[in-house]
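This briefing goes through one protein model by topic. Look at the sequence and the structure first, then read the points below.

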Amino acid sequence: MSRTPPSPTALRVAELPQNAQTPFSVRPDADALREIALELGLTSVRKLSFQGTLTALGRTDWQLDARLGATVIQPCVVSLEPVMTRIDTDITRLFVKDYVEPDEPEAEMPEDDRSEPLAAWIDPVIVMIEALALEVPEYPRANGAELGELVYTKPGDAPMTDADARPFAGLADLRQALKDDKD
């Protein structure tokens, strides 16, 4: 087993203390923020911090508890205007020695999706980037951005809108017509 870390931020599990927490704090520099933004398909990452501890769970497993803080900018899915999002969340990962990867082609996801296989190294930066990718909004919208409605039809035909396609769209009109008939 190599004693050379795979990255400058990786922590070798064999060297972590079993009876005390190991604190870590990650604040990427401007170049690293640009690389992370590029990797995650973001316009930019303005601030990013990841602070926490690694704690032994028994003799072989480890728990990472951290606070992720980030400010990201990404394009609005409607208008392409820049949308700034602030992310502040707690992250927990369990690194389990006896982790069993499902071998079925289709497997049900467990309730607790925080577990990962334990390797020789634990890298807080990798966990930080993965957690950020999971927390970034998939479909960011600028304030007031709305999708318009395009209606296409043959000349002379009445256009069908999204509201017309709803299965219960005409019930309100039918109810009103029935009330009018009774009066």
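Helices and strands are runs assigned by DSSP and numbered from the N terminus, a helix having at least four residues and a strand at least two. By that numbering, Leu178 lies in helix α4, which covers residues 171-182. The model is predicted, and its mean pLDDT is 84. The protein has four helices and seven strands.

**Overall layout**

- Read from the N terminus, the order of the elements is β-β-α-β-β-β-β-β-α-α-α.
- Of the 183 residues in the protein, 31% are buried.
- The protein exposes about 13,200 Å², and carbon and sulfur atoms supply 51% of that area.
- Among contacts with a separation of 6 or more, 60% are between residues 24 or more positions apart.

**Confidence**

- A pLDDT of 70 or more is reached by 85% of the residues.
- Confidence is highest in α1, at a mean of 96, and lowest in helix α3 (residues 162-165), at a mean of 67.

**The nonpolar core**

- The largest nonpolar core has 30 residues.
- Leu48, Phe50, Leu64, Leu68, Met128 and Leu132 are the residues with the most contacts inside this core.
- Two or more residues each come from β2 (22-26), α1 (30-40), β3 (44-57), β4 (61-75), β5 and α2.
- Leu132 is in contact with Ile36, Leu40, Leu48, Leu68, Ala70, Val72 and Ile87, leaving aside its neighbours within four places in sequence.

- Ile129 lies in helix α2, and its relative accessible area is 16%, so Ile129 counts as buried.
- Which residues does Ile129 touch, not counting those up to four places away in sequence? They are Ile36, Glu39 and Leu40.
- Ile129 and Ala37 are 92 residues apart in sequence, while their C-alpha atoms are 9.8 Å apart in space.
- Thr89 lies in strand β5, and Thr89 is buried because its relative accessibility is 16%, which is under the 20% limit.
- Beyond residues up to four places away in sequence, Thr89 touches Ala66, Arg67, Leu68 and Glu135.

**Salt bridges**

- How many salt bridges does a search of the whole structure find? The search finds six.
- One of them joins Glu130 and Arg93, with the closest N and O atoms 3.2 Å apart.
- This pair links distant parts of the chain, 37 residues apart: Glu130 is in helix α2 (residues 124-135) and Arg93 is in strand β5 (residues 82-96).
- Is Arg93 buried or exposed? Arg93 has a relative accessibility of 9%, so Arg93 counts as buried.
- Glu130, with a relative accessible area of 35%, is partly exposed.
- Arg93 and Glu130 also belong to a network of salt bridges that includes Glu116.
- Another salt bridge is between Glu15 and Arg12, where the closest N and O atoms are 3.4 Å apart.
- Arg12 is buried, since its relative accessible area is 12%.
- Asp88 and Arg86 form a salt bridge through their side chains, at 3.0 Å from N to O.
- Asp88 counts as partly exposed at 41% relative accessibility, and Arg86 counts as partly exposed at 46%.

**The surface**

- Phe168, Leu171, Leu174 and Leu178 make up a nonpolar patch on the surface.
- Together, these four residues have about 430 Å² of accessible area.
- Leu178 has a relative accessibility of 49%, so Leu178 counts as partly exposed; a residue is called exposed over 50%.

**A loop residue with positive phi**

- Leu80 lies in the loop between β4 and β5.
- Leu80 is exposed, because its relative accessible area is 65%.
- The phi of Leu80 is near 65 degrees, a positive value in a residue other than glycine.
- Most residues other than glycine have a negative phi.

Conventions:
Residues are numbered from 1 along each chain as its sequence is written. This is a predicted model: local features need pLDDT of at least 70, side-chain atom pairs count only at pLDDT 80 or more; totals for chains, interfaces and linings use all residues. Side-chain values use heavy atoms; hydrogens and water are left out. Buried means under 20% relative accessible area, exposed over 50%, partly exposed in between (1.4 Å probe, protein chains only). Contact means heavy atoms within 4.5 Å. Accessible areas come from the Shrake-Rupley method with a 1.4 Å probe; for residues, only the protein chains shown count as cover. A nonpolar core is a set of buried Ala, Val, Leu, Ile, Met, Phe, Trp, Tyr and Cys residues joined through side-chain atoms within 4.5 Å. Patches are made of residues with over 30% relative accessible area and no salt bridge: like charges are joined within 9 Å, nonpolar side chains (Val, Leu, Ile, Met, Phe, Trp, Tyr) within 5 Å. pLDDT is the predictor's confidence in each residue, from 0 to 100.
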